Amino acid sequence: MKILAIQFRYFGDAVLMVPALRAIKEHFRDCALHVLVPEEVAPLLQHLPWLARVWEMPRTRGRARIQQSWPILRALRKEYFDRSVDFGGNDRGAILSLLCGARQRLAPRAAGGFLGRRFCYTRQIAPAAVVQHEVRRNLHLVSAWDVPPGSLELEIHPDPSLEAFAKKILPELSIICHLATSQPKKDWPLPHWAELSEKAFAAGLKLVFSTGTGAREQSLLTEFRKLSPAAPVLPPMPNLASFLAVLRRARLFISGDTGPLHFAAGLGVPTISLFGASSAALWAPIGPRHRTLQGSPCTCSGDTAVCLGSRHCLAAISPEAVLNCVQQFVAGPIRQ
C-alpha cells in the first residue's frame, strides 16, 4: 500500500502532524508512507527514518506556480497512491489531493473554500464533538481509517551531517530564547525579555537569543539589542536545516506560540511556552518535558495580528515567573 499525506499550512503544523503520520505507519506496517509539503517545510521531515519519501512542492502564497509544480504532480501520479490524507483541508491541499490521484482521499470537513472543494475528496470527516489539541485533531482525522491513536509525542530529526556546525555555533548548556512569533499579539514584550536576560545572567544561566529571518523579526532583534546589548544572540542561520541542528543542542527552549516551539519539542528539547492570545490547550507542546505560562485573559479577535487591549495579555507573565520556571527545569533531569 502507498499512502500520501499532504500538509499545506504552516511550519508548526507540519510538526504537529507527525504523531498522526507515525500512527498511520504503525497501523499499516508495510505501507510506503509519503509526505507532500511546501519546499521550505521539507527539512522538518526529511530525516524521519520511517517515511518513504518527502516530496517538496514550490509555493508562493496567493499564486499558483504551475510550471514548477506540474513535473512534481506528474511524478506523484505515477506513484499510484492507494490513499491520501490532507491534514490542512485548505483549497491548495484539496486541489493537490485531487491531482495526485489516490483512489481514497481523506480530509477534515471545513467550511468555506472554493465551490468544488468537497468534490476533491472521497471522504471528509467532521471535527470531534469537543475542541481538541491539534495533535489529537490530526489523530481523530486518521481514525476514519481505523488507525488507533498512538503516542502524542512530536518527533523530528536534524541532519546528522550538521552536528559539527551546530557545536561551533551553540555552547553546551545554552538556553535558547526565541523573541518573535508569527504575530505581534503573540510576542512576549521585549522589556520582559531584557529583564529575563539580566536576571538569568546574575543566576549563572546561559541564555542565547534568536529570532526569525523576516523584516519584522529582525527589527525586534534590533530593538532587543538596544535594551540588552550584552545578551548573546545566535548568528543568522543559512537555512532551516542548520537552525534545527543548532536547536537540538539547546538545554531548554523558551518562546511564545510559534513554529520553532514545536521544532524544539520535536527534537526532544524541553520547552517553556508563553501563551496569551492563542490557546495553550490547543497548541502548546504536550508531555512532561514541557511547561506553559499563561498570560491574562485576552479579548482580541483571532483575525487581528496585534493586541487591541489596553495592556498586552502576555505582559502579565513576569520575567520572575519565567526565571522560576527555568530554575525548576535546571534543578533536575528534564530531557528523556
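Start with the second largest pocket, which holds about 330 Å³ of space. Keep in mind that this is a predicted model.

**The pocket**

Select Arg9, Pro108, Pro127, Glu134 and Arg137. Among the 20 lining residues, these lie nearest the centre of the second largest pocket. Now show the helices around them. Helix H5 (134–142) and helix H11 (280–283) each supply at least two residues of this lining. H5 gives the most, with 4 residues. Colour the lining by class: 10 residues are nonpolar, 6 are polar and 4 are charged.

**The cavity**

The structure has 1 cavity of 30 Å³ or more. About 50 Å³ of space lies in this largest cavity.

**Aromatic pairs**

Turn to the rings. The whole structure holds 4 aromatic pairs. Select Phe11 and Phe263. Their ring centres are 6.4 Å apart and their planes stand at 70 degrees, so the pair is edge-to-face; planes over 60 degrees apart count as such. Phe11 is partly exposed, at 32% relative accessible area. Phe263 is buried, at 3%.

Move on to Trp193 and Phe209. Here the ring centres are 6.1 Å apart and the planes are at 90 degrees, so this pair is also edge-to-face. The pair links distant parts of the chain: Trp193 is in helix H7 (residues 190–202) and Phe209 in strand S8 (residues 207–210), 16 residues apart. Are Trp193 and Phe209 buried or exposed? Both are buried. Together with Trp193 and Phe209 they form one aromatic cluster.

**Charges over rings**

Two arginines come next. Select Arg53 and Trp55. The charged end of Arg53 sits over the Trp55 ring, 3.5 Å from the ring centre. Then select Arg83 and Trp145. The charged end of Arg83 sits over the ring of Trp145, with 5.2 Å to the ring centre.

**Strand S7 and its partner**

Select strand S7 (residues 175–178). Both faces of S7 are covered. Ile175 and Cys177 are on one side, Ile176 and His178 are on the other, and all are buried. Now bring strand S8 back into view. S7 and S8 pair in the parallel sense over 4 bridges. Which residue of S8 stands opposite Ile175? That residue is Leu207.

**Two backbone stops**

Finish with the backbone. Most residues other than glycine have a negative phi. Select Tyr80. This residue has a positive phi of about 55 degrees although it is not a glycine. Tyr80 is in the loop between helix H3 (66–77) and strand S4 (83–86). Tyr80 is exposed, with a relative accessible area of 65%; the cut-off for exposed is over 50%.

Leu173 is found in the loop between helix H6 (163–169) and S7.

How values were computed
Residues numbered from 1 in each chain as written. Predicted model: local features only at pLDDT ≥ 70, side-chain atom pairs only at ≥ 80, totals over all residues. Heavy atoms only, no water. 1 Å grid on protein atoms, 1.4 Å probe; cavity = no way out; pocket = protein on both sides within 12 Å on 5 of 7 lines; lining within 4 Å. Points joined across faces, edges and corners; volume = space filled by probe spheres on them. Nonpolar A, V, L, I, M, F, W, Y, C, P; charged D, E, K, R; others polar. Phe/Tyr/Trp six-rings, centres within 6.5 Å; stacked < 30°, edge-to-face > 60°. Buried < 20%, exposed > 50% of the residue type's maximum accessible area, 1.4 Å probe, protein only. Lys NZ or Arg CZ within 6 Å of the ring centre and 35° of its normal. Pairing = 2+ DSSP bridges.
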